[in-house]
Amino acid sequence: MGKYFAKRFGMALLTILLVACLTFLLMNAVPGSPWLSEKSPSEATIAALNAKYGMDKPVYVQLYMYLKNILHGDFGVSLKMQKNREVLSIIKEMFPVSAKVGAIALAWAVLIGVPLGCLAAFKRGKMTDSILRVICTLGISMPSFVVASILLVVFAGGLSSFKLFPTIFDASQGWRAYVLPCFALGFYPMCYTARQTRSAMLDSLNQEYIKTAKAKGLKNDRIIFKHALRNALIPVITYLGPQVAFTLCGGFVVESVFSIPGLGRYFVQSIQNRDYPVIMGTTIFLASFIILMNLVVDLLYKVADPRINLTKGGE
């Protein structure tokens, strides 16, 4: 097991290094500069700013210095949006907001999606299955900004004379502030989870041990939730691993639509303003989170199915 984790840790470091290098090179290949705006400074001022932040050096030198700094925990400072503020400090402030919204969205998506998938599989070919498949197909087909816009029109005053929920996120309003963004952010994962669960459950329900359980006279709910669901959870867990990272780090579009002061919205703004250190820091943070969740997924495989041998797969 120790060898397995050592190998995974080495692969994780290599992946993060490649992500950092690729992001840095692509970011610098795009024309433009963080100093350009409606009232652009003089060339002398731009040259002084580039020299101050080391942007006057060749790209490969900048990349080397950046990688050297992050090894010491220095991700740089914001160049434009929160000038001279440390990137790590910004992430620490923004991430909890995104994480709370994302956790609520993911929680309801899983708690609703898995039972719906089980129900659709058990009612295969019937009206219930058809209705659920239509809903899930719509949920997967519609982008999150479309879902968010529809929610705003229907429940935030667009079609009614009163507002059931606020149009702009405000944590001081309590649970009402979380309803629309959490629903918009969790609708796609819920639909996808339901489809994955249905497909996996159909495979499990056709296995011999399920037929044996039915022959023994076990109740349907016991067969579905104790025997079939456990094996059916493996593909669902595989999907939820990276999805947890993306959701907790913030739905970029959803946070922008509802003006949520989270990491996702700030990341989008940093791209628009070419705040390079913030872009790099957020990208590395997200990549690290995804790698961590993939490791958690591997461990959950063992919980879902004790027959899986992690050590064998890691050697």
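**Exercise 1. Helix 5 against helix 7**

Determine how helix 5 and helix 7 are oriented to each other in this predicted model, and which residues make the contact.

*Solution.* Begin with the geometry: the axes of helix 5, residues 127-141, and helix 7, residues 176-205, come within 8 Å and cross at roughly 135 degrees. Angles over 145 degrees count as roughly antiparallel and those from 65 to 115 as roughly perpendicular, with the rest, apart from angles under 35, taken as oblique; helix 5 and helix 7 are therefore oblique to each other. The sense of the crossing comes next, and helix 5 passes helix 7 in a left-handed manner. On the side of helix 5, the contact is made by Asp 129, Arg 133, Ile 135, Cys 136, Thr 137, Gly 139 and Ile 140, while helix 7 brings Phe 187, Tyr 188, Cys 191, Tyr 192, Ala 194, Arg 195 and Arg 198. Sorted by class, this contact has eight nonpolar, two polar and four charged residues.

**Exercise 2. A residue of helix 5**

Decide whether Asp 129 is buried or exposed, and list what Asp 129 touches beyond its neighbours up to four places away in sequence.

*Solution.* First locate the residue: Asp 129 lies in helix 5, and it is among the residues of that helix that make the contact with helix 7. Its relative accessible area is 0%, and since buried means under 20%, Asp 129 is buried. Once residues up to four places away are set aside, Asp 129 touches Ala 120, Lys 123, Arg 124 and Arg 198; of these, Arg 198 belongs to the helix 7 side of the contact described above.

**Exercise 3. Helix 6 against helix 7**

Describe the crossing of helix 6 with helix 7, and give the classes of the residues in contact.

*Solution.* The axis of helix 6, residues 144-155, comes within 9 Å of the axis of helix 7, and the two cross at roughly 145 degrees. Here helix 6 passes helix 7 in a right-handed crossing. From helix 6 the contact takes Ser 144, Val 147, Ala 148, Leu 151, Leu 152 and Phe 155, and from helix 7 it takes Leu 180, Phe 183, Ala 184 and Phe 187. These residues divide into nine nonpolar, one polar and no charged. Phe 187 is also listed in the contact of helix 7 with helix 5.

**Exercise 4. Helix 1 against helix 3**

Work out the orientation of helix 1 and helix 3, and the make-up of their contact.

*Solution.* Helix 1, residues 2-29, and helix 3, residues 59-70, pack at an angle of about 140 degrees, and their axes are 11 Å apart. The two helices are therefore oblique to each other, and helix 1 passes helix 3 in a right-handed crossing. Leu 17, Ala 20, Cys 21, Phe 24, Leu 25 and Asn 28 of helix 1 meet Val 59, Gln 62, Leu 63, Tyr 66 and Leu 67 of helix 3. The contact has nine nonpolar, two polar and no charged residues.

**Exercise 5. A residue of helix 9**

Which side chain is joined to that of Gln 243 by a polar contact, and which residues more than four places away in sequence are in contact with Gln 243?

*Solution.* Gln 243 is found in helix 9, residues 220-248, and is buried, with a relative accessible area of 16%. Its side chain is joined to that of Tyr 239 by a polar contact of 3.3 Å. Leaving aside neighbours within four places in sequence, Gln 243 is in contact with Leu 106 and Pro 189.

Note on methods. Residues are numbered from 1 along each chain as its sequence is written. This is a predicted model: local features need pLDDT of at least 70, side-chain atom pairs count only at pLDDT 80 or more; totals for chains, interfaces and linings use all residues. Side-chain values use heavy atoms; hydrogens and water are left out. Axes are lines fitted to C-alpha atoms, for helices over the stretch in contact, and angles run from 0 to 180 degrees between N-to-C directions. A crossing is left-handed if the near helix is turned anticlockwise from the far one by less than a right angle, and right-handed if clockwise. Contact means heavy atoms within 4.5 Å. Ala, Val, Leu, Ile, Met, Phe, Trp, Tyr, Cys and Pro count as nonpolar, Asp, Glu, Lys and Arg as charged, and the others, Gly among them, as polar. Buried means under 20% relative accessible area, exposed over 50%, partly exposed in between (1.4 Å probe, protein chains only). A polar contact is a pair of N or O atoms within 3.5 Å; within protein, one must be able to donate a hydrogen and the other to accept it, and residues adjacent in sequence count only if both atoms are side-chain atoms.
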